[in-house]
Amino acid sequence: MGRKVILSRKGFDGTTGGKASRIIDGKLVSLPIPRADSGYFHKNLIFSPTESYLKVMKDLGIKLYSEAHVDPDIRKSIIPNRPEGWRGLFGQSGPSQGTLHNRQVGKGDIFLFFGWFKE
């Protein structure tokens, strides 16, 4: 069987969030996308020691302050009190994970993660 290539969009974009994620101080910052019932709120997500993601989004003129889906979840510091041994992930769960399973995506297949970023 040949390898599969999977394209996986991350962070804000034209349909999810309505704007590009940002390049801030030369770093790609994937903004957590709005998602009800996630249990994570932008005001509680840590951007830096002095700023929440809510403040960053307000400063950028983004008016979506709902609960958030952290995808990709690759920065341990974004959510307070992570458990010992925490590992990052790229958010394949629920229906998305089921689709990968049904298509027999596995070891040896290639994931390409992409996002829309602008300064």
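Tutor: We begin with a term: a salt bridge is a side-chain nitrogen of Lys or Arg within 4 Å of a carboxyl oxygen of Asp or Glu. This is a predicted model, where local features need pLDDT of at least 70, side-chain atom pairs count only at pLDDT 80 or more, and totals for chains, interfaces and linings use all residues. Residues are numbered from 1 along each chain as its sequence is written, and side-chain values use heavy atoms, with hydrogens and water left out.

Student: How many salt bridges does the structure hold?

Tutor: Side chains of opposite charge can pair when their charged atoms come close. In this model, the number of salt bridges is 3.

Student: How far apart are the closest N and O atoms of K55 and D59?

Tutor: Helices (H or I, at least four residues) and strands (E, at least two) are DSSP runs, numbered from the N terminus. K55 and D59 are 4 residues apart in helix α1 (residues 53–59), so about one helical turn separates them. D59 counts as exposed, at 54% relative accessibility. The closest N and O atoms of this salt bridge are 2.6 Å apart.

Student: Which residue forms a salt bridge with R82?

Tutor: R82 counts as buried, at 16% relative accessibility. The closest N and O atoms are 2.5 Å apart, and the partner is D73.

Student: What is the strand order in the open sheet of 3 strands?

Tutor: Two strands pair if DSSP finds at least two bridges between them. Strand β2 (residues 21–24) runs parallel to strand β9 (residues 117–118), with 2 bridges. β2 also pairs with strand β3 (residues 27–29), antiparallel, over 3 bridges. The pairing is mixed, and the order is β3-β2-β9.

Student: Which strands stand at the edges?

Tutor: An edge strand here has a single partner strand, so one side is left without a neighbour in the sheet. The edge strands are β3 and β9.

Student: Which residue takes a positive phi in the hairpin of β2 and β3?

Tutor: I24 stands opposite K27 in β3. The hairpin has 2 residues between the strands. The residue with a positive phi, near 55°, is D25.

Student: Is the ring pair of F47 and Y53 stacked or edge-to-face?

Tutor: Rings of Phe, Tyr and Trp (its six-membered ring) pair if their centres lie within 6.5 Å; planes under 30 degrees apart count as stacked, over 60 as edge-to-face and the rest as tilted. The count comes to 2 aromatic pairs. The centres of F47 and Y53 are 5.4 Å apart and the planes stand at 90°, so the pair is edge-to-face.

Student: What is the angle between the planes of F111 and F113?

Tutor: F111 is partly exposed, at 27%. F113 is partly exposed, at 34%. The pair is stacked, 5.5 Å centre to centre, and the angle is 20°.

Student: Which strand gives the largest share of the nonpolar patch?

Tutor: Patches are made of residues with over 30% relative accessible area and no salt bridge: like charges are joined within 9 Å, nonpolar side chains (Val, Leu, Ile, Met, Phe, Trp, Tyr) within 5 Å. V5, L7, I110, L112 and F114 make a nonpolar surface patch of about 470 Å². The elements that give two or more residues are β1 (5–9) and β8 (110–114). The largest share, 3 residues, comes from β8.

Methods
Buried means under 20% relative accessible area, exposed over 50%, partly exposed in between (1.4 Å probe, protein chains only). Accessible areas come from the Shrake-Rupley method with a 1.4 Å probe; for residues, only the protein chains shown count as cover.
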